[in-house]
Amino acid sequence: MNDTPEKTKLSWWRRLSSGLKRTSSSLGTAVADLVTKRKLDRAMLEDIEDVLLRADLGTEVAARISAAVGHGRYDKAISADDVKSVVATEVETVLAPVAKPLEIDGAQKPFVILVVGVNGSGKTTTIGKLAAKFSGEGRKVMLAAGDTFRAAAIEQLKIWGERTKSPVIAGAQGSDSASLAFNAITAAREQKLDVLLIDTAGRLQNKAELMNELEKVVRVIKKVDASAPHAVLLVLDATVGQNALSQVEAFHRTAGVTGLVMTKLDGTARGGILVALAEKHKLPVHFIGVGEGIDDLAPFTALDFAKAIAGIE
Ligand SMILES: Nc1nc2c(ncn2[C@@H]2O[C@H](COP(=O)(O)OP(=O)(O)OP(=O)(O)O)[C@@H](O)[C@H]2O)c(=O)[nH]1
């Protein structure tokens, strides 16, 4: 029997809030410890700001939240719930403009999605999860194993192809990833497929040679279809903290990132990095990864994320 929309929403909420448990509970515990001891004063606000910085929310947002907490509350007793509710409101304000679903333009056949990011950020896994989602929506999906550096990455993508019943275009290890992308688009076009997801090798954002190679992949894709790639998704690992900010800058410069996916939010107490990113770069955030399983990719919504990070049930 199919789940009702309410049931589905509830299960996403549970997954999201349990995924962000490490962030929300370390934030919640620290706030609870602070507020039970004394009335609100400047020192307490500074302590609250430190807690927010430790969750990687970034200096601007942390300062704004602590100012909002202080507003009209000096010399009064304050509860942890008061603080959490201010955190949720302020975080939602920052996130609302960037929370945008990934729109697949059905007129593009295939709609080409290039997936980029540093090593181990979760690109291949995210592609697998996206393939499952898109095929579940009735779209015909193809995967391209553009991470030609690592044989294991090619194998991993093939496994996702089998799991999601999506054809996989792969070359030999070490083959040219730009020509693989070219072949994949041509094949997907011939077969009139809906979505082509192209994996790329992980690269550090400060390695010029590898970043140039990524630029070439984009150039070659445009030769087949000048409007492609239709989406360039940067996959960011939440556990890297502030380094995510420089990853966004470098990948955006090289590949023209159109949206973000943040993975491993289940494995960190610093999920606030997404808020710092939204504040600084204003790039759309489409999905968040909260586990390794095929269903562990949640569409990104500002209110749910804000409540989950603040630990509001
Ligand atoms: N906990 C958790 N683990 C994840 C998530 N997404 C990916 N992973 C794990 O992170 C590890 C790296 O993921 P990959 O998908 O191989 O990363 P990649 O970016 O393709 O790596 P390279 O091929 O080295 O560039 C794997 O063990 C994944 O199972 C997530 O949202 N949560």
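1. Because five of the five residues of β6 (residues 259-263) are buried, the strand is largely enclosed by the rest of the structure. Strands here are DSSP runs of E with at least two residues, and helices are runs of H or I with at least four, numbered from the N terminus.

2. This is a predicted model, in which local features need pLDDT of at least 70 and side-chain atom pairs count only at pLDDT 80 or more, whereas totals for chains, interfaces and linings use all residues. Residues are numbered from 1 along each chain as its sequence is written.

3. On one pairing, β6 runs parallel to strand β5 (residues 231-237), and five bridges join the two; strands count as paired if DSSP finds at least two bridges between them. Thr263 in β6 is the bridge partner of Asp237. Between these strands the chain passes through helix α10 (residues 243-255), and this β-α-β crossover is right-handed, that is, with the strands pointing away from the viewer, the path from the first strand over the helix to the second runs clockwise.

4. Strand β7 (residues 285-289) is also parallel to β6, to which three bridges join it, and Ile288 in β7 is the bridge partner of Met262. The chain goes from β6 to β7 by way of helix α11 (residues 273-281), again in a right-handed β-α-β crossover.

5. Turning to the ligand, 21 residues are around it, of which Gly122, Thr124, Thr125, Gly202 and Gly289 come nearest; a residue is near if its C-beta atom, placed from the backbone, lies within 6 Å of the molecule. Helix α6 gives the largest share of this shell, three residues.

6. Ser135 is found in helix α6 (residues 123-136), and with 16 other C-beta atoms within 10 Å it is partly exposed. Although Ser135 and Thr164 are 29 residues apart in sequence, they are 7.2 Å apart in space, C-alpha to C-alpha. Leaving aside neighbours within four places in sequence, Ser135 is in contact (C-beta atoms, placed from the backbone, within 7 Å) with Val141, Thr164, Lys165 and Ser166.

How values were computed: A residue is buried if 20 or more other C-beta atoms lie within 10 Å of its own, exposed if 12 or fewer, and partly exposed in between; C-beta atoms are placed from the backbone. Two residues are in contact if their C-beta atoms, placed from the backbone, lie within 7 Å.
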